[in-house]
Amino acid sequence: MLDPRSEIYPSIEYRPIQPSDLEVLEKIHLALFPIRYEREFFLNVVNGHGIISWGAVDTSRSDEGRDELIGFVTTRMIAAKDSEIEDLFRYNNSHKDLTLLYILTLGVVDSYRNLGIASSLVREVIKHAASVSNCRGVYLHVISYNQPAINFYKKMLFKLVRRLPMFYYIRGQHYDSYLFVYYVNGGRTPCSPLGFLKMLVAKFWSKEEKSIPRWSRCKESSTLLASQNNNKRIISGEDTRSHV
């Protein structure tokens, strides 16, 4: 692991997360989050079952850990019509098949923080989203009190599109969520009067719950600094360093 006192800048490379990363990926999530993720989530990540991911490794390490994860980001591609920001695209019927890339978890181990790794991981996500012709954005949720995460995504040029009241329920208390979007491939917030009206109407529609995979229903949290389709997120732990 990196010695914070060292003057040697590590050489970081980025690659997809793979089956051999399973144990380390679970260990880092356990260290970063009080939330306990189900085994199914990690298996889906490392095997690429519905999840697109990137890992960061320090290739300058002299020990056996040259290919060991020191950072990660996990995402899922979803249909825009199944997201909480569907209304941002409803103003044009030709957009019915559009997709969005949703950030599930993002994290960097403590000794490698403040080296730009999280920013690089998010840029990988944005680059991938831009390469998918019908993808119009990357989005995520941040709990309202997590100012470091809010600042981070604003710095990365994500747009704050709405606030969701009482979105999270953590240890018996409700918290609001901010929803951030980074538009790609011409995606944008509708600014016409009609688009704005549809946005307001959709806020009422969003109260209707939609079904999502069991493993993503109450477990999604990101590291730095996260649900989709549910108006409220029940979380068993609290982590001020995550999208939660």
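# Briefing: buried positions, strands and salt bridges

Ser177 counts as buried, because its relative accessibility is 0%; buried denotes under 20% relative accessible area, exposed over 50%, and partly exposed the range in between, with a 1.4 Å probe and protein chains only. The model is predicted, and local features therefore require a pLDDT of at least 70, side-chain atom pairs count only at pLDDT 80 or more, and totals for chains, interfaces and linings use all residues. Residues are numbered from 1 along each chain as its sequence is written, and side-chain values use heavy atoms, with hydrogens and water left out.

**Confidence**

- The protein chain has an average pLDDT of 79, and 70% of the residues score at least 70; pLDDT is the predictor's confidence in each residue, on a scale from 0 to 100.
- Across residues 205-231 the pLDDT is below 50, although this stretch has 120 contacts in the model beyond near neighbours in sequence; a contact means heavy atoms within 4.5 Å.
- Residues 234-242 likewise have a pLDDT below 50, with 44 contacts in the model beyond near neighbours in sequence.
- Where pLDDT is low, the predicted coordinates should not be read in detail.

**Strand E3 and its partners**

- Strand E3 spans residues 69-79 and is mostly covered, with nine of its 11 residues buried; helices (H or I, at least four residues) and strands (E, at least two) are DSSP runs numbered from the N terminus.
- Strand E2 (residues 52-58) runs antiparallel to E3 and is joined to E3 by six bridges; two strands pair if DSSP finds at least two bridges between them.
- Within this pairing, Ser53 stands opposite Thr74 of E3.
- Strand E4 (residues 99-108) also runs antiparallel to E3, with nine bridges between the two, and Arg76 stands opposite Tyr102 of E4.
- Thr75 belongs to strand E3 and counts as buried because its relative accessibility is 0%.
- Leaving aside neighbours within four places in sequence, Thr75 contacts Gly50, Ile51, Ile52, Trp54, Leu101, Tyr102, Ile103, Leu104 and Val125.

**Strand E7 at Ser177**

- Ser177 lies in strand E7.
- Not counting residues up to four places away in sequence, Ser177 touches His141, Val142, Ile143, Ser144, Arg162, Arg163, Leu164, Phe167 and Tyr168.

**Helix H4 and the residue that follows**

- Helix H4 covers residues 147-155, and Ala149, Ile150, Phe152 and Tyr153 in this helix are buried.
- These four residues lie on the same side of H4, because they cover an arc of only 160° around the axis; the arc is that of the directions from the helix axis to the C-beta atoms.
- Pro148 and Lys155, on the other side of H4, are exposed.
- The buried residues of H4 are covered by elements including E4, helix H3 (117-131), strand E5 (135-143) and strand E7 (173-183).
- Leu157, which follows H4, has a positive phi, near 70°.

**Nonpolar core**

- The largest nonpolar core has 65 residues, and Ile85 and Phe158 are those with the most contacts inside it; such a core is a set of buried Ala, Val, Leu, Ile, Met, Phe, Trp, Tyr and Cys residues joined through side-chain atoms within 4.5 Å.
- Apart from its neighbours within four places in sequence, Phe158 is in contact with Val122, Ile126, Val138, Leu140, Tyr153, Phe180, Val181 and Tyr182.

**Salt bridges**

- The whole structure holds 10 salt bridges, each a side-chain nitrogen of Lys or Arg within 4 Å of a carboxyl oxygen of Asp or Glu.
- One of them joins the side chains of Asp67 and Arg15, at 3.0 Å from N to O.
- This pair ties together parts that are 52 residues apart in sequence, because Asp67 lies in the loop between E2 and E3 and Arg15 in strand E1 (residues 12-15).
- Asp67 counts as partly exposed at 41% relative accessibility, whereas Arg15 is buried with a relative accessible area of 13%.
- Arg15, Asp21 and Asp67 are linked in a network of salt bridges.
- Arg61 forms a salt bridge with Asp63, their closest N and O atoms lying 3.0 Å apart; Arg61 is buried at 10% relative accessibility, while Asp63 is partly exposed with a relative accessible area of 37%.
- The side chains of Asp110 and Arg113 also meet in a salt bridge, at 3.5 Å from N to O; Asp110 is exposed with a relative accessible area of 52%, and Arg113 is partly exposed at 26% relative accessibility.
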